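Me: Could you walk me through this structure feature by feature? I would like the general idea each time, and then the case at hand.

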Amino acid sequence: MAFQSIRQFYVEIPPVTRFYTTACVLTTLVVHLDIVSPLQLYFNPTLILRKLQLWRLATTFLFFGSSVGITFFFNIVFTYCYCRMLEEGSFRGRSSDFVTMFLFGATLMTFFGMFVNLLFLGQAFTLMLVYVWSRRNPDVRMNFFGVMNFQAPYLPWVLLCCSMILGNTIWVDIIGMGVGHIYYFLEDVFPFQRNGYKFLKTPNFLKLLFNEHIDRNHQTLPEDRPCCFNWGGDEGQPPADNNNAEEAALNAEAARHPQQDHNQRDIPVAVVN
């Protein structure tokens, strides 16, 4: 009975979140069981280019520490939570676009990682997911372990401050937030500016892989657009009424989360709903 419940829970996890979190757990477990050494997994441009150890491009994002303890559990829950909220929220029905974000973020982090000598980029990748989610849900209230309350866009900065207090390297947080902001700008801001265009294109083979409809004349629906800009507005037109704009923003957020009340959510930082 318990096995059936666990299996049902696992199957209901969105596909991209299920694959990524499973890969993270399995990678850490095989290291913990001494089947594989962390020396075979870390990011090393020299070994990748000269000895063609291409798997390091992936394993650097999958390893969260050799010990299966509270730190590992915290990182996995955090990754799972925000990855799933993104996939079930603004990426609902668009798993191929979600994979495109993964590939774009991983490519940039791999490039930046060569200059700051980071061996593993999994935590930076999680920070990217958190940043994008926080910018797309600006009105969600966060509760940091019952200590303080703040709006979602401040969450990455709170995590950055925690890293500084704990004495951890802040480059992990900076790279994650920086890549997250680049993706947010290219996907949610720049395409809707005057003379802007959609820079990131999802390959058709990914849409076919996830059995999604290929629309060559796709335009983002109003409810899927962030709510801080006059999207597609023409010069010379009077500005939109503030009340109407606020109502449109609330409706857009409600469309993304139809089963949640927009004004009454109080989400803990690291607790999975």
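Reply: Here is a short tour, from the fold to the salt bridges, the core and the cavities. This is a predicted model, in which local features need pLDDT of at least 70 and side-chain atom pairs count only at pLDDT 80 or more, while totals for chains, interfaces and linings use all residues. Residues are numbered from 1 along each chain as its sequence is written, and side-chain values use heavy atoms, with hydrogens and water left out.

Me: How many helices and strands does the protein chain have?

Reply: Helices (H or I, at least four residues) and strands (E, at least two) are DSSP runs, numbered from the N terminus. In the protein chain there are 11 helices and 3 strands. Their order along the sequence is α-α-α-α-α-α-α-β-β-α-α-α-α-β.

Me: What share of the residues in the protein chain is buried?

Reply: Buried means under 20% relative accessible area, exposed over 50%, and partly exposed in between, with a 1.4 Å probe and protein chains only. By that rule, 43% of the 273 residues are buried. As for contacts (heavy atoms within 4.5 Å), 69% of those between residues at least 6 apart in sequence join residues at least 24 apart.

Me: How many salt bridges are found in the whole structure?

Reply: Look for a side-chain nitrogen of Lys or Arg within 4 Å of a carboxyl oxygen of Asp or Glu. The search finds 5 salt bridges. One of them pairs R136 with D188, with the closest N and O atoms 2.6 Å apart. R136 lies in helix α7 (residues 122-136) and D188 in helix α9 (residues 171-189), so this pair ties together parts that are 52 residues apart in sequence. Both R136 and D188 are buried.

Me: Where do K198 and E187 lie?

Reply: K198 is in the loop between α9 and α10 (204-209), while E187 is in helix α9, so their pair ties together parts 11 residues apart in sequence. Their salt bridge spans 2.5 Å, N to O. K198 is partly exposed, at 30% relative accessible area, whereas E187 is buried at 12%. Elsewhere, salt bridges with shared partners join R94, D97 and K207 into one network. D97 is buried, with a relative accessible area of 14%, and R94 is partly exposed at 22%.

Me: Which residues have the most contacts inside the largest nonpolar core?

Reply: A nonpolar core is a set of buried Ala, Val, Leu, Ile, Met, Phe, Trp, Tyr and Cys residues joined through side-chain atoms within 4.5 Å. The largest one has 54 residues, and Y82, F98, M101, F102, M109 and L129 have the most contacts inside it. Elements giving two or more residues include α2 (15-32), α5 (70-88), α6 (95-116) and β1 (141-144). The most comes from α7, with 9 residues. Not counting residues up to four places away in sequence, F98 touches V16, T17, C83, L86, E87, F91 and L129.

Me: Which residues line the largest cavity?

Reply: On a 1 Å grid over the protein atoms alone, a cavity is a set of points where a 1.4 Å probe fits but cannot get out; lining residues have an atom within 4 Å of a point. Points are joined across faces, edges and corners, and a volume is the space filled by probe spheres set on them. There are 2 cavities of 30 Å³ or more, and the largest has a volume of about 60 Å³. Its lining is made up of F91, D97, T100, M101, Y183, E187, K198, L200, K201 and T202. α6 gives the most to that lining, with 3 residues. The salt-bridge partners K198 and E187 are both among the lining residues.

Definitions and conventions
On a 1 Å grid over the protein atoms alone, a cavity is a set of points where a 1.4 Å probe fits but cannot get out, and a pocket is an open set with protein on both sides within 12 Å along at least five of seven lines; lining residues have an atom within 4 Å of a point.
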